Amino acid sequence: MMLKKLLLAGFAFCGAAVVMDVTAAFVYRQLTGHSWVMPQEQIEKLYRIRSDTYHHDLAPMKSVVARWGSLTARVKTDSLGFRDFSCRQVPLSNSTHRILLIGDSFTEGVGVEYLLTFAGRITETLGKRGEEVLNAAAASYSPIIYWRKIEHLLNVVGLCFDEVVVFVDMSDANDNADEYRRNAQGCVESVGDSQTNSLPQKLEGMSRFGEWIDRNTILLQRVLAGRREARRASTPAAVDRINEWRGRWTT
C-alpha cells in the first residue's frame, strides 16, 4: 500500500511539474511574443523551406547566422534561393557564361563563410574571368533531387545557364535508395510520406513531439537540448566519417 501511495505521489508530482512547465512557457510566449525554443531551430526554419516539387530548398533573399555543430557562418541567399555572397536579384538570363553548381551540404557549404567554401572560391575566381557561377545546392540533396530541381529551374523558373556541375556526395546513394522517391505526380517526397505506420513516419512523429516540447515547455526543453548536445559531442571526428556505413559503397 505504501509503494502504491509513493507511486501515485510521484505521478502527481510529475504531472504538476509538467503543468507548471507548460504554464510558464505559455506566460513567456504571451509576454515576449515568441516561443521558448532553441534559437538555432528558429533560424533554420527561416531559411530552409519545403518544396512541393523537389522536397526542400533554401528560401530566397535571406540573411541569417546559421550554425552547424560548433561552427557558425553567415548564410545569404539570392532571389533564386541559392546561397550567394549577397541577397541579390539574379536575372533569369545573362550574356556571360553561366555555370550551375548542385550538390548537398558539402556544396552548400554548411558551417563555413561562403568565401571559404569551394563553391564560393570557384564563384570568385571565375567571376574575375567574366563568368557567373550559381550555387543551387542544399543540405540532404540526392540525385533524384538534383534532377527534379534542375528540370524545375529550366522548365518552370525559366533559368538559363550553359553548364551544370554535379557534386555527388558519399551519402547520395543511401539518400536516393532509402530517403527519397518520386511520387505519382512526379514530385520528390520522403519514402515514408505515404506509408502507414512506416518507420520514417514514426520518427517524424517523434520529431513533432520534440518540436511540441521545444515550443511549449521550458525545463523539459532544456533537458532535451542537453541530450542533443551530448549526442553531438559523442559523434566521431570528421576524419572517422570515412568509415561510416553510408559511404562504404565507394570502396
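Threonine 53, leaving aside its neighbours within four places in sequence, is in contact (heavy atoms within 4.5 Å) with Arg148, His152, Cys187 and Val188. The loop that holds threonine 53 runs between strand 1 (48-51) and strand 2 (55-58), where strands (E, at least two residues) and helices (H or I, at least four residues) are DSSP runs numbered from the N terminus. With a relative accessible area of 18%, threonine 53 is buried, a term that stands for under 20% relative accessible area with a 1.4 Å probe and protein chains only.

This is a predicted model, in which local features need pLDDT of at least 70 and side-chain atom pairs count only at pLDDT 80 or more, while totals for chains, interfaces and linings use all residues. Residues are numbered from 1 along each chain as its sequence is written, and side-chain values use heavy atoms, with hydrogens and water left out.

An open sheet is formed by three strands in the order 6-5-7, with parallel pairing; two strands pair if DSSP finds at least two bridges between them. Strand 6 (132-135) and strand 7 (163-166) are the edge strands, each pairing on one side only, and from one strand to the next the twist averages 25°. Four bridges join strand 5 (residues 98-102) to strand 6 in the parallel sense, and leucine 101 has asparagine 135 in strand 6 as its bridge partner.

Two helices lie across strands of this sheet, as the table sets out. Angles run from 0 to 180 degrees between N-to-C directions, with axes fitted to C-alpha atoms, for helices over the stretch in contact.

| Helix | Lies across | Angle |
|---|---|---|
| Helix 4 (residues 118-127) | strand 5 and strand 6 | about 160° to strand 6 |
| Helix 5 (residues 143-157) | strand 5 and strand 7 | about 145° to strand 5 |

Terms used: Buried means under 20% relative accessible area, exposed over 50%, partly exposed in between (1.4 Å probe, protein chains only).
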